[in-house]
Amino acid sequence: MISVRERSAAEHRAWRTGSREIVLDRPIIAGILNVTPDSFSDGGNFFPLRMAVDHARLMIHEGADIIDVGGESTRPGAKVVPLDEELRRIVPVIRALREEFPAVAISIDTTKAAVVQAAVDAGADIVNDVSALRLDAGMADVARECGCGVVLMHSRGGVEEMASYAMSSYDGDPVAAIVSEIQTRAEIAVGRGIGRERIVLDPGFGFSKTSAHSISLLARLDSLEMLGFPLMVGVSRKRFVTEAIESGTLDNRDESTMAFNVVALMRGARIFRVHNVGLNRRALDAVWPVATASKIDES
């Protein structure tokens, strides 16, 4: 029989993010830091530099391993942010975070290659591209050359429509189609010279998917894990999470997010993008021994 310790050690992989290595030997939490005036959940709350850094400090204190900085909202109906404006929002924040928190990984949530380059120059380690390299022809080259970690998220369409239901029709089995589409994006990334050890896949809950699609995808998340890349999930405060509860208060949304993240952990996810770091840190750490033990094959 393989022991829990032996099997767990064999499963732990490392995600290469620039000069850093994030070992997936426990749940990894990416705290969301939106420096936008129109994010669907916390728009405008952390836009001033001081407030952004203060909130990042709180999330790190509560257990965030990564701070994911976003300067362009992808909420339903969002508009594309001009390059200069996105740079104005994110570069000072990333510089300040890198100076104050040198040991913490920083991610830039963007679809623009020029923003990635500026973010990496300011100290970012990861590009979190919700278009999986689709929307900017230069993104793969910049990601390859900078050596940063790369999150490829499944979506369809542009920034203005990807979080809507406009492109949520799938022929046949929607989960199989989503897995196939994100696999194609991963193969393109590898073909463009981005090392497999730098790639993480995100199924894109709520993006180009109905709530029913997102629930089915969560239930069958292990089919995405079979592609061989670490998985990030971003269910935090999403529409389908809110629909699962009677009351849409912030506390209830965060509690439901935590529950969905626990399910995702049990189905193979290892990286969790969240607003409420402390709540998810405690829950995921508590369940981690169960998640790893569940993969043991006794003989």
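Visitor: Why is L133 called buried?

Guide: Buried means under 20% relative accessible area, exposed over 50%, partly exposed in between (1.4 Å probe, protein chains only). L133 has 9% relative accessibility, so it counts as buried. This is a predicted model: local features need pLDDT of at least 70, side-chain atom pairs count only at pLDDT 80 or more, and totals for chains, interfaces and linings use all residues. Residues are numbered from 1 along each chain as its sequence is written, and side-chain values use heavy atoms, without hydrogens and water.

Visitor: What makes A132 buried?

Guide: A132 has a relative accessible area of 1%, so it is buried. A132 is found in the loop between β6 (126-129) and α5 (139-146). Helices (H or I, at least four residues) and strands (E, at least two) are DSSP runs, numbered from the N terminus.

Visitor: What is the phi of A132?

Guide: A132 is not a glycine, yet its phi is positive, about 55 degrees. L133, also not a glycine, has a positive phi of about 75 degrees.

Visitor: How do you know that β3 and β10 pair?

Guide: Two strands pair if DSSP finds at least two bridges between them. Strand β3 (residues 28-34) and strand β10 (residues 271-274) have four bridges, in the parallel sense, so they pair. I29 has F272 in β10 as its bridge partner.

Visitor: What makes β8 and β9 edge strands?

Guide: β8 (199-202) and β9 (232-233) each pair on one side only. The open sheet has eight strands, in the order β8-β7-β6-β5-β4-β3-β10-β9, with parallel pairing.
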